[in-house]
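This briefing is intended to be read alongside the sequence and the model. Please keep both in view while working through the topics below.

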Amino acid sequence: MRGELFRKQILYRQGDIYVLRNTMPFPLRESNAFMAESEQGWTVIDTGVNTPENQQRWTLALKEIGISFRHIQRIYITHYHHDHLGLAGWLQEKSEAQVFLPPPDLLTFNTYISSDQYYPAVKDLCLQAGWNHQLIESLADDVKSIDVLMQPYPYLSSLPEDSQLEFGGCRYRTYLVPGHSDGHIVFIGDNGWLLGGDNLIKHTILHLTDWPHTRLVNPLEDHLQALQELDSLDIKLVLPGHGMCFSHLTEKIEAVIEHHEKRKNQVLQGLKGISSAWDLAVKLFGDNPYIHIKRLVLAETLAYLNALASQQQIAVEQQAGINYYKRL
Ligand SMILES: [Zn+2]
């Protein structure tokens, strides 16, 4: 007899993989965590943000499955963002599991998230992008509100490139898909299942790029190229980081590429005279009242600007600490 979590579809099974739907205080509202038995005990992929509600969901989910926290041996994180990594520290305290993060995201985590460089770095780059002092003031609260969802930080191990793992009776290998974050990995199973993190979501297209934390010169191009490489593989089912599972990968990839090409063109056409990145972002994509969304919109606008600069369609020059863009 299935329990309440199954009835409410907070927990469901996709083959031998359990999918736990966590809540989060952002427009996306929920994120997926995956659990399956493997040769070395239970393995988790992604965790959700650390809130009392999600801690309760994890506790109930493990009870429902019939295992304890100590059964969890390994935790893999697709990328370092709070809605994927956030609960890993809490889970590690309870399970003593090893937590793995791909090397580029481990570097980002160590450089920004777990150091005191996060706020200064975001602040500097927001000022360069044309944010005023009122916006900069609200940034400090945003940074703190995100950080609290990731505490306690886990002790992290570096996941070697091209790793393989057994998960739910199937062999998966990791595959780097940079763009949403520098080190974002996906897991591709021998059965054609793709645990895709934030690259491909059924009901929406998530923001691109990890500015100001990215070390990629042209995250848009890297991202679209990686998606095209994914499209050449025989993927039968996508288990995404948010929302429901889906097939028809090619259609989704085409939609993502079209979306970004269209927006990049909007940025080029919308650039009249000279403009800061932020003025352009507000003009083209609107000004969301929520500070965190403002940051994501700015980050994506910068990704389009960088792509256009790489194609030598626009130039950038700095005046009084602010970067201004113009068409060539
Ligand atoms: Zn993310």
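Axes are lines fitted to C-alpha atoms, for helices over the stretch in contact, and angles run from 0 to 180 degrees between N-to-C directions. Helices (H or I, at least four residues) and strands (E, at least two) are DSSP runs, numbered from the N terminus. This is a predicted model, in which local features need pLDDT of at least 70 and side-chain atom pairs count only at pLDDT 80 or more, while totals for chains, interfaces and linings use all residues. Residues are numbered from 1 along each chain as its sequence is written.

**Packing of α9 on α11**

- Helix α9 (residues 249-270) packs against α11 at an angle of about 75 degrees, and their axes are 9 Å apart.
- The two helices, α9 and α11, are therefore roughly perpendicular to each other; angles under 35 degrees count as roughly parallel, over 145 as roughly antiparallel, 65 to 115 as roughly perpendicular and the rest as oblique.
- From α9, residues R263, K264, V267 and L268 meet T301, Y304, L305, A307 and L308 of α11; two residues are in contact if their C-beta atoms, placed from the backbone, lie within 7 Å.
- The contact of α9 with α11 comprises 6 nonpolar, 1 polar and 2 charged residues. Here Ala, Val, Leu, Ile, Met, Phe, Trp, Tyr, Cys and Pro count as nonpolar, Asp, Glu, Lys and Arg as charged, and the others, Gly among them, as polar.
- L268, which lies in helix α9, is partly exposed, with 16 other C-beta atoms within 10 Å. A residue is buried if 20 or more other C-beta atoms lie within 10 Å of its own, exposed if 12 or fewer, and partly exposed in between, with C-beta atoms placed from the backbone.
- Not counting residues up to four places away in sequence, L268 touches L308, Q313 and R327.
- L268 and Q313 are 45 residues apart along the chain, and their C-alpha atoms are separated by 8.0 Å.

**Packing of α8 on α11**

- Helix α8 (residues 219-231) meets helix α11 (residues 291-310) at an angle of about 90 degrees, with the axes 7 Å apart.
- Helices α8 and α11 are therefore also roughly perpendicular to each other.
- The contact involves P219, L220 and E221 of α8 together with A303, Y304, A307 and S310 of α11.
- By class, the residues of the contact of α8 with α11 are 5 nonpolar, 1 polar and 1 charged.
- P219 belongs to helix α8 and is buried, with 26 other C-beta atoms within 10 Å.
- Leaving aside neighbours within four places in sequence, P219 is in contact with P178, G179, L208, T209, T214 and A303.
- The C-alpha atoms of P219 and H180 are separated by 7.9 Å, although the two residues are 39 residues apart along the chain.

**Nonpolar core**

- The largest nonpolar core has 80 residues, and those with the most contacts inside it are F34, V44, I75, I77 and A277. Such a core is a set of buried Ala, Val, Leu, Ile, Met, Phe, Trp, Tyr and Cys residues joined through C-beta atoms within 7 Å.
- Helix α11 supplies the largest share of this core, 8 residues.
- I75 has contacts beyond its neighbours within four places in sequence, namely V44, T47, A88, L91, Q92, A97, V99 and F100.

**Sheets**

- Strand β8 pairs with strand β9 (residues 170-176) in the antiparallel sense over 4 bridges, and R173 in β9 is the bridge partner of Q164.
- Another open sheet has 3 strands in the order β13-β15-β14, with antiparallel pairing.
- At its edges stand β13 (274-276) and β14 (314-319), each with a single partner strand, so one side of each is left without a neighbour in the sheet.
- Strand β13 pairs with strand β15 (residues 322-327) in the antiparallel sense over 3 bridges, and S275 stands opposite Y325 in β15.

**Hairpins**

- Strands β2 (residues 17-23) and β3 (residues 30-38) pair in the antiparallel sense over 6 bridges, with T23 opposite E30 in β3.
- The hairpin of β2 and β3 has 6 residues between the strands, and R29 takes a positive phi near 70 degrees.
- Strand β3 is also joined by 5 bridges to strand β4 (residues 41-45), and the two run antiparallel.
- M35 stands opposite V44 in β4, and the hairpin of β3 and β4 has 2 residues between them.

Key:
Two strands pair if DSSP finds at least two bridges between them.
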